[in-house]
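Subject: Structure for you to look at

Hello,

Here is the structure I said I would pass on. Please open it beside this message, and the findings follow below.

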Amino acid sequence: MKQYLDLVRDVIDNGTLQGNRTGIRTISLPGAMLRFDLQKGFPAITTRKLAFKSAIGEMVGFLRGVKNAGEFRELGCKVWDQNANENAQWLANPFRQGHDDLGEIYGVQWRQWPGYKRIPLSNPAAIEMAEQAGFRRIAQDEEDGVAFVILYKAIDQVRQCLDTIANDPGSRRILFHGWNCAQLDEMALPPCHLLYQFHPNVETREISLTLYIRSNDLGLLSDGQENAHYLAAA
């Protein structure tokens, strides 16, 4: 708790006032970091409202690859309703597929990252290797006189992390990502928490986790004159 309150004070004292897409100005401080030892308990913040059940429902939805606000509601999480059905930019987006659709958000990238390979037909060994890894041919074309095939596979990043933790815990490549540049325009909201890296310690049989968040709201500050500013760290 002290870490959180210290960070709030740091943002207020050293952050800069900035405008953003929401229309509500933000006091922002980049590069902030918090550390938590889960052996000492769960880091729940008690000085601000914590919608814990909603957060659990959202995480379950992400792990299931949910992309529909209705499915999040069934899990007790209503925070995606506005992004799905009241965001003017998303409502006008041709990628949106009707009421409650959220597009290719968090969980889709976590569990079904669209992986493509473009391989020249002159390299059959690489094509065979890709097919053995589960990629399948979906197209064939030619460019500048060079024929190639396109192969596709939906990649379950979370499954890969779990398998690597079990089979190669010393790896420094145990991570999954949500920031798919090719599909940002297909999302109701690009991911805020976008990169997770696991750090297993074989000797102590513990796992540490590093989470990178590009934008994170800390709280709401009122100046007493009916003006409100978000506190944000990134």
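I began with the charges: the mean positions of the 25 positive and 28 negative charges of the protein are 5 Å apart. Lys and Arg count as positive and Asp and Glu as negative, while His and the chain ends are not counted. Each charge is placed at NZ of Lys, CZ of Arg, CG of Asp or CD of Glu.

This is a predicted model, in which local features need pLDDT of at least 70, side-chain atom pairs count only at pLDDT 80 or more, and totals for chains, interfaces and linings use all residues. Residues are numbered from 1 along each chain as its sequence is written, and side-chain values use heavy atoms, with hydrogens and water left out.

The protein has eight helices and 10 strands (DSSP runs numbered from the N terminus: helices are H or I of at least four residues, strands E of at least two). Of its 234 residues, 31% are buried (under 20% relative accessible area; exposed is over 50%, partly exposed in between, with a 1.4 Å probe and protein chains only).

Now look at helix α2, residues 52-64. Its buried residues are S54, G57, E58, G61 and F62. They lie on the same side of α2 because they cover an arc of only 140° around the axis (the arc of the directions from the helix axis to the C-beta atoms). On the other side, K53 and R64 are exposed. Just after α2, G65 has a positive phi of about 75°.

Regards
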